[in-house]
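Have the model open as you read.

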Amino acid sequence: MSQARAASDQDIEHAAQVLLRGGLVAFPTETVYGLGADAEDPRAVARIYAAKGRPSNHPVIVHVAPEADLDYWTRDVPAQARALIDAFWPGPLTLILKRAPHVDAAVSGGQDSVGVRCPAHPVAQRLLRVFAALKGGHGGVAGPSANRFGHVSPTRAEHVLAEFPEQVAAGMPVLQGGPAEVGIESTILDLSRLQEGVGPVLLRPGHIRPEDIARVLGRLPSAPDAAAPRASGTLKAHYAPSTPLELVDRATLEALVVGVGLPAGSRCVVIGYTPRPLEMDPALTWQPVSADPAQYAHAIYSLMRELDGRGYTKILVEAPPRTPEWDAVNDRIGRAAAAFRPA
């Protein structure tokens, strides 16, 4: 937990009341911090999009309490979804299912599907339970990551405070919950087209891996196809710091370490998971990060935010291995780097 006190019952009650009035609330989950609004209030959901600068056709995820009735939010819930819920909820898995007719299309970017997740963080669960009680039992919180659209996702409350100073000054609650345990966004799995013979489809990799899903469903999810629904965090360029970021392979990195290819006057930092070279050009700083993919994922967003404020001309990221356990990390840093490549 961070040094700031964790959200109290009073904090959570106040935040739930803000949601009920159509306001925004930032809250912790085990993945990243979310920017939440009443999922059944289109005007409140629109405030999320406005605050983030998010395109209106880019869906958000509806967060629900552990005891929530999934049939309230979705329709035609397949047995595969029930099995995955039993295995992984509460946890970092978002399921894309057919949207119930009364749930406004604002949460799904106009699509007939909806992303639903039950977070594992205790503060998030307390908020969802209190809010659901205020709503008569069926409250859900639409909640993308609490950052400006396309920027690095927040993994600590202080990241949210820095990202949305105007909203905080206007009274937006930011619930404290310590550093996010997972550190990157949830796995997103499309089950909305099973009746059409399509799926399961992995739309975004995350902490729950395809092999984990296969152990429950008996098959690996397939890659996204052209007709796959749009989902949170799947645009080509995303999760980017303000400082230009570039992925570099080992050969390029070895040349840069000795000064070959470094622009004159540059001041670069390398995020490296291998041992620091014994000799290195003084224009480079080596920032070590764990070679374990789960620990790397836990640290990478916070590290990018920290390095973003140090005045470097470029952040160089040593490209991780192209192996399944690194898929989620490679997805996030690949999209971050894409933000700085020519179109």
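## Aromatic contacts

Rings of Phe, Tyr and Trp count as a pair if their centres lie within 6.5 Å. In this predicted model, Y273, Y296 and W326 form one aromatic cluster. A search of the whole structure turns up four aromatic pairs. One of them joins Y296 and W326, with 5.2 Å from centre to centre and 80 degrees between the planes, an edge-to-face arrangement. This pair links distant parts of the chain: Y296 belongs to helix α10, while W326 sits in the loop between β13 (314–318) and α11, 30 residues apart. Both partners are buried, Y296 at 0% relative accessibility and W326 at 3%.

Y72 and W73 also pair up: their ring centres are 5.1 Å apart and their planes stand at 80 degrees, so this pair is edge-to-face. W73 is buried as well, with a relative accessible area of 2%. Elsewhere, R267 lies over the face of Y312, at 4.3 Å from the ring centre.

## The largest pocket

The largest pocket holds about 280 Å³ of space. Its lining counts 14 residues, and V182, G206, H207, A294 and A297 lie nearest its centre. Two or more lining residues come from each of α10 (293–308) and α11 (327–338), with α10 giving the largest share, three residues. By class, eight are nonpolar, two polar and four charged.

## Enclosed cavities

Four cavities of 30 Å³ or more are found in the whole structure. The largest cavity has about 220 Å³ of space. It is lined by 24 residues, of which V32, G143, P144, S145 and E185 are the closest to its centre. This lining is made up of six nonpolar, 13 polar and five charged residues.

How values were computed
Residues are numbered from 1 along each chain as its sequence is written. This is a predicted model: local features need pLDDT of at least 70, side-chain atom pairs count only at pLDDT 80 or more; totals for chains, interfaces and linings use all residues. Side-chain values use heavy atoms; hydrogens and water are left out. On a 1 Å grid over the protein atoms alone, a cavity is a set of points where a 1.4 Å probe fits but cannot get out, and a pocket is an open set with protein on both sides within 12 Å along at least five of seven lines; lining residues have an atom within 4 Å of a point. Grid points are joined across faces, edges and corners, and a volume is the space filled by probe spheres set on the points. Ala, Val, Leu, Ile, Met, Phe, Trp, Tyr, Cys and Pro count as nonpolar, Asp, Glu, Lys and Arg as charged, and the others, Gly among them, as polar. Helices (H or I, at least four residues) and strands (E, at least two) are DSSP runs, numbered from the N terminus. Rings of Phe, Tyr and Trp (its six-membered ring) pair if their centres lie within 6.5 Å; planes under 30 degrees apart count as stacked, over 60 as edge-to-face and the rest as tilted. Buried means under 20% relative accessible area, exposed over 50%, partly exposed in between (1.4 Å probe, protein chains only). A charge sits over a ring if NZ of Lys or CZ of Arg is within 6 Å of the ring centre and within 35 degrees of the ring normal.
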